[in-house]
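Try each task before reading its solution.

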Amino acid sequence: MDPAAGAPIDWTRTGGSVTRLATLVLAGALMAACSSTTSCRVPHDCPSAQRCVNGGCADLDGTPGALGEACRTNTDCGSGLTCSTTSQGYPGGFCSAACTTSPACGASAACTPVGSQQLCTPSCTTDSACRQGYGCCATLGDVCVPTAACPPPACIRPVITSTLPTTQVTQFGTKKVGDEVSFTVPANTGSITIVQQAQIAGLTVVYKNSVIDNSAVPLTITKPDGTLAYDDLDGGAGAVASPDGGIDPSGEYAYYGGGTPTTAAFTIPNTSASLDAGVPGGTWKFVVNDYANECTLVSGCNDGGTSLDMYEVSVITRPVLAPTGNLEVAFYIVADMTNSTGAPLMASNAAADPYVQRMMNTFKGFLSAVGITANATFYDVTAADRARFGTNINADVTGPCSELGQMFTLSSAHPGNTMNLFLVQSLRSASSGGNTVVGIDGTIPGPSSMNGTVSSGAVVSAADLFAGSLSSCGVNPNMAGCGPDRVAYIGAHETGHFLGLFHTTEEDGANFDPLADTMKCACTTCASPTQRPNCGSTSVSSPSISADRCVSGSCGGGDNLMFWLLQAGVSLGNLSPEQGQVMRLNPLVQ
């Protein structure tokens, strides 16, 4: 792609990547959507695209909507109101009006800054007064706005120095986007990790009318021989279809999965091509960059473009691959729950609890299969942090200032080169398709050796930790009958993401990881015959490829630890040799 020509860039397919999810979900029964016969008392009782009318959830029927109600076009809104649509970031549409002062909005409403606009929004006292997908935002004056538009009470974005030896870390100080940085890679280096931590950078940009994270990613990375290792404005794998109908980036030298705002790590090698080629010694170069900077180089951005963002920049090198390695794991007990004896689960009693022991043995077993020995330590958090984060992490809101990102900063209490896993009671999500979200990673990969950033860890649902009887667990990992094994699986899956692994196959069956030795499960081959015509469709929902569709022949990978779905009876936690290589080459493994 030629940025000088103003060619549009699609950030869902950037630099040989697609936007990849660091989320694991648990298979479950699908729930039927509300219909006009579903009763409601308040707006929050109905799906975002419906209205609560005369005690029932109703589809739009041409009746003009009031301020804050659902809409598809301006004609769905009352006099003086216009429709802010779903594509503009308003779930189900939002009837509103531009304003400069609150009195102009009328009673029970206020003029509110939403992004770069000033809009009339309904006043509220609780979330129940707002539609699904919206919340009563205290920081904006108790008004209903999209959940993602509500700033948290406080947002910290710490910049953390690596705890690794200085022989492995080169600090470059603060650099502006567009600056070129040169660094020397010693001979016999196994991996390099480029880290950007925001000093001054916006949280989001608006691209093609959609608000997306202002992800930090090198614009280009250049090898010692002058060839490009990575170019974020190159179509890469997004322009190369694999024979099975999806996008296969295994032939790219470097691969970026997106979703790395504020704190970003980029590790090479992470593909089959770079594992084969290795990391040559000599002088490398990269250009400091984020999406806001790219907004100044390409067309399609509506808001947020700037070439002034500043980042603290460092490079971590790791020696050549060893057949084995050690991983220090820190479990933070955020869940307010009791252990198997009925006592509160705490760091002081966790290691001695038989259910926790089973969870740890299974967790260690998954990693030992690829030569990684895990050592665990348990930590408590404050009562206030348990109350804030234990049940309030929203899987649909994962930016730096979300509760997820802010929870990860708690790891600053224990500096070190550790894999930080935060055990919570549950995760909330309105977009998991009837399944249950059970784990989320900060970024892929995570900022190894930098505890305390907004990406320093992964969250794991511990809801099943004490479920059932240990006698039903058996000798081998049992996802169907053993709660501790399910929690172990979730923790190991999210650890894989932090160490640089992607889902082998994404839910749509069209996007795959960058490793050639993992089995794939393409929608065009593996979806049910009735669903295959919908593969890749933009007009109807794409099929959701479950693990049980991916268990044999050309449809494989459902048993892999990094498949997108944890499904009892299918998920085994297997890992391939190349997945093991990527994990052991991460600087977190020593």
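The exercises below cover the nonpolar cores and some backbone features.

This is a predicted model, in which local features need pLDDT of at least 70, side-chain atom pairs count only at pLDDT 80 or more, and totals for chains, interfaces and linings use all residues. Residues are numbered from 1 along each chain as its sequence is written, and side-chain values use heavy atoms, with hydrogens and water left out.

**Exercise 1.** Find which residues touch the most other members of the largest nonpolar core.

*Solution.* Start with the term: a nonpolar core is a set of buried Ala, Val, Leu, Ile, Met, Phe, Trp, Tyr and Cys residues joined through side-chain atoms within 4.5 Å. Buried means under 20% relative accessible area, exposed over 50%, and partly exposed in between (1.4 Å probe, protein chains only). Among the 48 residues of the largest core, Val 356 and Phe 363 touch the most other members. Next, list the contacts (heavy atoms within 4.5 Å): those of Phe 363 include Val 329, Leu 421 and Ala 488, not counting residues up to four places away in sequence.

**Exercise 2.** Locate the loop that holds Pro 269.

*Solution.* Helices (H or I, at least four residues) and strands (E, at least two) are DSSP runs, numbered from the N terminus. Pro 269 sits in the loop between strand E17 (263–268) and helix H1 (272–277). Now check the backbone: a cis peptide bond joins Ile 268 and Pro 269, with omega about 10°.

**Exercise 3.** Is Asn 54 buried or exposed?

*Solution.* Asn 54 is exposed, at a relative accessible area of 82%. Its phi is near 50°, a positive value in a residue other than glycine.
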